[in-house]
Amino acid sequence: MLSGKTIVLGVTGGIAAYKAATLCSKLVQKGANVHVIMTSSAKQFITELTLQSLSKNAVFSDTFDERDPSVVSHIRMADAADLVLIAPATANVIAKMAHGLADDMLTTTLLATMAPVMVAPAMNVHMYGHPAVMENMKTLEQRGVMMIEPGEGLLACGYVGKGRMEEPESIVAVVERYFDEEKKAEPGLLHGKKVVVTSGGTIERIDPVRYITNDSSGKMGFAIAKAAREMGASVHLIHGHTDTAPPAGIDAEAVQSADDMYQAVLKHWHDSDMVIKAAAVADYRPAETASSKIKKMGDTMTLELIKTVDILEQLGKSKTNQFLIGFAAETHNVEVYAKDKLVRKNCDLIVANDVTAEGAGFRSDTNVVQVYDADGLVEQMPVMSKDEIARRLLTIAAARMNGAGN
Ligand code: CTP
């Protein structure tokens with residue numbers, strides 16, 4: 001149920017705007033307080049009166065139509081929203097969002113809001129597949145905008161293919177699931193705690209144009225940082241090379257090498273309550289980094305590598321009251337290696353996974369992990385989203401940190 005939630009429903013000018021009436025009605029029936037913002041093109045397809053009658057709230061479409069002199073409407077809407085949902089979203093509004101344009105009530109509200117944003121695209125199949133639209137959607141996703149993929153079928157333009165806005169019932173289900181998951185994160189669990197998360201792969205330079213890195217996407221660490229913030233922690237994220245930008249609204253610091261990461265972690269170590277080392281740190285780096293590009297010479301080339309600092313091990317040695325969580329990505333003998341790392345690096349918990357398992361691995365959105373403490377297995381988590389794993393892991397860690405202490 002959506003009671004107590006304020007949803008700003010943005011309706012843009014596509015034929016699917018007619019479905020916005022059903023969507024609005026269903027959200028209201030579930031208890032949401034829905035405020036509709038329409039673009040001027042949307043009004044070619046559906047009237048303000050329809051959406052006003054269904055939402056029981058005034059509908060906005062003109063930034064300059066200020067009805068209450070004591071407030072600025074688009075800022076008030078932006079601040080009040082628990083979620084901004086754009087349905088249907090045309091290629092045009094998606095492009096405006098990707099580029100930060102703000103030329104009407106909806107796009108100004110979108111720039112001003114700190115609330116999560118969901119977008120349900122609806123357009124012709126060729127428009128949907130156009131590289132510009134694809135690129136814009138990717139940009140939005142990287143900024144944390146949630147996309148509700150369109151369905152396939154007969155489109156209003158006569159084409160059959162992908163581009164039909166997802167049905168209102170399914171959109172409502174996505175919205176409900178979102179608020180449900182948010183609830184599960186138990187907002188207060190890490191309240192007042194400082195949590196440092198490392199994520200991504202380090203980059204060890206060979207010369208100005210070459211480096212050694214690994215396949216880490218940064219997704220697991222990003223999910224942990226997000227979940228820690230949802231649980232009330234003040235989060236500092238230190239990340240190496242990652243596939244996507246860090247989650248919006250998180251205090252994030254980009255670093256390159258293992259040594260950079262170590263220095264960055266040390267700055268926060270003493271006043272941290274919890275440190276989670278999800279990063280894939282290089283174990284070795286070139287003994288020397290050439291200052292200019294190394295030229296090709298003989299048929300073979302030997303690169304001398306030396307050990308990097310083991311950040312987790314160093315932290316484990318100087319631990320006072322910090323709760324320390326390490327990761328162990330393995331391809332075999334997971335339990336044996338994970339337990340060995342837990343002891344060797346003096347961690348409170350270790351999160352182990354077999355990166356070769358189905359549903360696990362660096363680039364995947366899901367993972368399969370086991371959590372160990374000094375006494376053995378704490379929890380075996382089946383294949384689940386990295387977001388869900390992050391929440392469960394932090395719930396286990398918070399209970400231990402707040403309860404038995406460290
Ligand atoms: N780690 C670290 N610094 C390093 C290497 C690893 O802090 N130089 C951390 C990782 O962030 C992870 C944990 O140690 O939390 C285990 O990393 P992993 O690569 O699985 O283990 P290693 O100790 O490097 O052991 P091996 O490569 O032999 O499996």
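1. Strand 16 (323–330) gives the most to the lining of the second largest pocket, with four residues. Strands here are DSSP E runs of at least two residues, and helices are H or I runs of at least four, numbered from the N terminus. Helix 9, helix 11 (311–317) and helix 12 (334–344) also supply at least two residues each.

2. On provenance: this is a predicted model, where local features need pLDDT of at least 70, side-chain atom pairs count only at pLDDT 80 or more, and totals for chains, interfaces and linings use all residues. Residues are numbered from 1 along each chain as its sequence is written, and side-chain values use heavy atoms, with hydrogens and water left out.

3. The second largest pocket holds about 950 Å³ of space. Its lining has 39 residues, and Ala279, Ala280, Val281, Phe327 and Ala329 are the closest to its centre. A pocket is an open set of points on a 1 Å grid over the protein atoms alone, where a 1.4 Å probe fits, with protein on both sides within 12 Å along at least five of seven lines; lining residues have an atom within 4 Å of a point. Volume is the space filled by probe spheres set on the points, which are joined across faces, edges and corners.

4. By class, that lining divides into 16 nonpolar, 12 polar and 11 charged residues. Asp, Glu, Lys and Arg count as charged; Ala, Val, Leu, Ile, Met, Phe, Trp, Tyr, Cys and Pro as nonpolar; the others, Gly among them, as polar.

5. The largest pocket has about 1900 Å³ of space. Of its 44 lining residues, Glu141, Gly144, Val145, Met146 and Lys226 lie nearest the centre. Helix 9 gives the largest share of this lining, seven residues. The classes are 22 nonpolar, eight polar and 14 charged.

6. Where does the largest pocket lie? Domain 1 (6–184) and domain 2 (194–401) both give residues to its lining, so it lies between them. The bounds come from an automatic or database domain assignment. Taken over C-alpha atoms, the domain centres are 37 Å apart.

7. Strand 8 (residues 194–199) is largely enclosed by the rest of the structure, because six of its six residues are buried. Buried means under 20% relative accessible area (1.4 Å probe, protein chains only). Lys194, Val196 and Thr198 point one way; Val195, Val197 and Ser199 point the other.

8. Strand 8 pairs in the parallel sense with strand 11 (residues 234–239) over six bridges. Pairing requires at least two DSSP bridges. Lys194 stands opposite Ser234 in strand 11. Strand 13 (residues 274–277) also runs parallel to strand 8, joined by four bridges. There, Lys277 is the bridge partner of Thr198.

How values were computed
Buried < 20%, exposed > 50% of the residue type's maximum accessible area, 1.4 Å probe, protein only.
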